[in-house]
Amino acid sequence: MATNSYDVLVAGAGPAGNIAALKLAELGHHVGVVDFRTKIGDKLCTGIIGRECADLYPPDPADVYHAAQSAVLVAPSGRSHSVERDEPHAYIVNRVKYVASLANRAQDCGAEFRLGEKIEAINQTRDGISIHTTTQAGSSQIDAKAVVIASGFASPLVRMVGLQNAQPKHNMIGCQAVVSTNDLDRTEVYLGESIAPGSFAWLVPVSQDTGLVGLVSRHKLNGHMDHFIERLQTQGKIREVVQEPKRWGIPIKPLPKTYANRVIVAGDAAGQVKPTTGGGIYYAILSGELAAQTLDEALKEGDLSEQSTSGYENSWRRLFGRELKVGYYARRFYETLSDRHIEAGLEKLLSDPVQDELIGSKDFSFDWHSSLVMKAVMNSELRQVISSLGPIAEPLLSRIRSSS
C-alpha cells in the first residue's frame, strides 16, 4: 500500500521520471511516482532510440520492432535517396513496453507507483513540499522533501512551482497514425513544403505488415496528414489506417530555468528534446539520471535549497545543452529552405564524398547532432547551396557557429 510521505515524489512515469525514480531508489531513498494515466508509457511517440540509449538501457529483444541501419530520404520532387550504414544506428521499439520496463526496474528497487492519480496542487511548506492529488476514490495529500517534475510537455505543474513554462512559439505539433503496410522494410523520411512545412514526415515499419505514419511541424497542420496518407496509399506503400491520427506537442527549446527550491524539472517538461527530430527518449533518460544524482547529494547534505538544486541545470547543460542550442538553430535554418534548396542540398549531401564525411563517419550518432551540423555548415560542397540563400540565412548560421 502506498504511503503519503516520501523523500522524493516524481510526477510522471515517462522515461525521465522512471529513471529518476530508479536511480534514487537504488541509492536507498524512499520514492513515489504519481501519474494520472493508468498505463505506464502510454504516450504518442514513434519509439525510436539510438544505439547509445539501447546500450545504456537495453530493450527486451521481443520489444524491438526493427533495427535500422538504412533509410530512404524522399525529396520534395518524389525522388528517393538511400542512406546505408554498416550496422544499426537506431532501433524502433515498442515505446509503451520499453518505458514500462524502466518503471518495473524502479519498482523492483522499492519505488512506489501511484497510477490514475492526478496532481492538483504543489505547495512549499517550511519543511518540504505538500502535494494535493485526486483519484476516482477521492483526494490525498502527499508530503515530500523534494519533487521531480517529469510530467511531459507544457505540464501545468511547472507553473505550480513558480517556473516559466514552454512558450508556444518554441514547440512543434506531431501527428501519427498506425497503418497496414505492404512489404515495408526500411524507414522512409519525406521532405517538402506540401508534406510537412519546415520539417519532415515518416513511414516507419513496426512489424511485417504494420507501420507508423507521421509528420511534425511548427506550422499549422491543415490537412497535411490526410494528404500524406492519401499519397502513400496511391503509391501502394500502405493499405489502410488501423488507428486514426493523433496529435501531441513537442518542445524544441528548453525552459529558461529547470530548478527551484526542492524542485527539479526533467525530460519533455523541461524542453529537453532534440530540436532537429523531436526525439526525446534518450535525453529524458539522461536528465532523469542527473536529477537523481543532484537530489541524492542534496538529501545527504540536508540542503534542498535552490542553490543546491541548481547543480542539476549546470550538469545537463554541460552534457547536452550544446546539442539543444545547435539543434534549435539548425532547425530554424532548415525552416528557411525552399523545396528547391532542399533538392539541391540533398544532391550535395548524398554525393559519395560528402556522405562519407558526414553520415558515413565513425563519429556519426543518432542522438548527438551538433558535430554533424557543424560539419555540414563548414562543408565546401554544401556551402554552395547555403550561399544561394542570400542574407536570410546568415544570422542563423552565425548562431550555429557561435554555439559550437
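1. Strand β12 pairs with strand β16 (residues 238-251) in the antiparallel sense, over nine bridges. The model is a predicted one. Within this pairing, Cys 175 has Arg 247 of β16 as its bridge partner.

2. β12 also pairs with strand β15 (residues 210-217). This pairing is antiparallel too, and it runs over eight bridges. Here Gln 176 stands opposite Gly 214 of β15.

3. Next, the helices. Helix α1 (residues 15-26) and helix α3 (residues 95-108) have axes that come within 8 Å. They cross at roughly 20 degrees. Angles under 35 degrees count as roughly parallel, so α1 is roughly parallel to α3. The crossing of α1 past α3 is left-handed.

4. From α1, the contact draws on Pro 15, Asn 18, Ile 19, Ala 21, Leu 22 and Ala 25. From α3 come Arg 95, Val 99, Leu 102, Ala 103, Arg 105 and Ala 106. Sorted by class, the α1 contact with α3 holds nine nonpolar residues, one polar and two charged.

5. Last, Ser 155. This residue sits in the loop between β11 (138-149) and α4 (156-160). Is Ser 155 buried or exposed? Its relative accessibility is 3%. Buried means under 20%, so Ser 155 counts as buried. Leaving out residues up to four places away in sequence, Ser 155 touches Ile 149 and Asn 165.

Terms used. Residues are numbered from 1 along each chain as its sequence is written. This is a predicted model: local features need pLDDT of at least 70, side-chain atom pairs count only at pLDDT 80 or more; totals for chains, interfaces and linings use all residues. Side-chain values use heavy atoms; hydrogens and water are left out. Helices (H or I, at least four residues) and strands (E, at least two) are DSSP runs, numbered from the N terminus. Buried means under 20% relative accessible area, exposed over 50%, partly exposed in between (1.4 Å probe, protein chains only). Contact means heavy atoms within 4.5 Å. Axes are lines fitted to C-alpha atoms, for helices over the stretch in contact, and angles run from 0 to 180 degrees between N-to-C directions. Angles under 35 degrees count as roughly parallel, over 145 as roughly antiparallel, 65 to 115 as roughly perpendicular and the rest as oblique. A crossing is left-handed if the near helix is turned anticlockwise from the far one by less than a right angle, and right-handed if clockwise. Ala, Val, Leu, Ile, Met, Phe, Trp, Tyr, Cys and Pro count as nonpolar, Asp, Glu, Lys and Arg as charged, and the others, Gly among them, as polar. Two strands pair if DSSP finds at least two bridges between them.
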